[in-house]
Amino acid sequence: AGCTLSLKVEGQNPTGSFKDRGSAVGISHAVSAGREWVGTVSHGNMALSTSAYAASAGLECAVFVPADTPAERLERIARHDPRVFRVEGDYGKLYSKTLSLEADAGCVNSDTPLRFAGQKTVAYEIFERLRPAVPDAIVLPVSSGGQASAVWKAVRELDRAGLIDAVPRLYFVQAAPCDPVATAYREDRRE
Ligand SMILES: *Cc1c(COP(=O)(O)O)cnc(C)c1O
């Protein structure tokens, strides 16, 4: 490709995805805030990570999944014994509903502040590893954009603190069957 390409392997985190970084902070906070349970909306890595970290901290975990989540996924999530609620209807609406639950009920979704805080460590590790060089670009897989937002927040904070000499471009990659952010960007929409 005519450039130096570095890959960051996140599959070796305890439950196999970058979600564990955010779960570590989000769930530690839930424990210190005296909560008895946490929740999340997901049918994949987020549910797996949140329920595993909740189990390790002795918290109850509620996982809201779309009703059509395949059984093999549910089986993986069920290993950590969360309470699984299968919800009919619109996934986006379900997601925004649980965001409003965050403050009083402890949902640790992909774009809640404490998950962001943990996921910023992806960026810290990239800069720490490559310094004093700064990558020209960071390319991220994006669904809701939580991880990308966390990385961008970390980049801006490092820049503002004078710890990096240049700001990399951020590239978002979305799979074609589910690409609302890419579509909105192409159509120049703000939402
Ligand atoms: C969660 C996840 C994503 C999407 O992350 P968002 O924060 O929702 O944008 C992409 N890739 C993998 C492997 C994931 O686990």
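How far is an oxygen atom of the ligand from an N or O atom in the side chain of Lys19? The distance is 2.6 Å.

This is a predicted model, in which local features need pLDDT of at least 70, side-chain atom pairs count only at pLDDT 80 or more, and totals for chains, interfaces and linings use all residues. Residues are numbered from 1 along each chain as its sequence is written, and side-chain values use heavy atoms, with hydrogens and water left out.

1. Asn45 places a polar side-chain atom 2.7 Å from a ligand oxygen. Ser143 uses a polar backbone atom, also 2.7 Å from an oxygen atom of the ligand. A polar contact here is a pair of N or O atoms within 3.5 Å; within protein, one must be able to donate a hydrogen and the other to accept it, and residues adjacent in sequence count only if both atoms are side-chain atoms.

2. **Helix H7.** H7 covers residues 146–160. Helices (H or I, at least four residues) and strands (E, at least two) are DSSP runs, numbered from the N terminus. Just after H7, Gly162 takes a positive phi of about 75°.

3. **The buried residues of H7.** Buried means under 20% relative accessible area, exposed over 50%, and partly exposed in between (1.4 Å probe, protein chains only). The buried residues of H7 include Ala150, Val151, Ala154, Val155 and Leu158. Their cover includes helices H5 (113–119) and H6 (121–130) and strands E4 (137–141) and E5 (169–173).

4. Thr15 lies in the segment before helix H1 (19–32). Why does Thr15 count as buried? Its relative accessible area is 14%. Glu191 is found in the segment after helix H8 (180–186). Glu191 is exposed, because its relative accessible area is 81%. Glu191 and Val181 are 10 residues apart in sequence and 8.5 Å apart in space, C-alpha to C-alpha.

How values were computed: The expected span of a helix is 1.5 Å times one less than its number of residues. Contact means heavy atoms within 4.5 Å.
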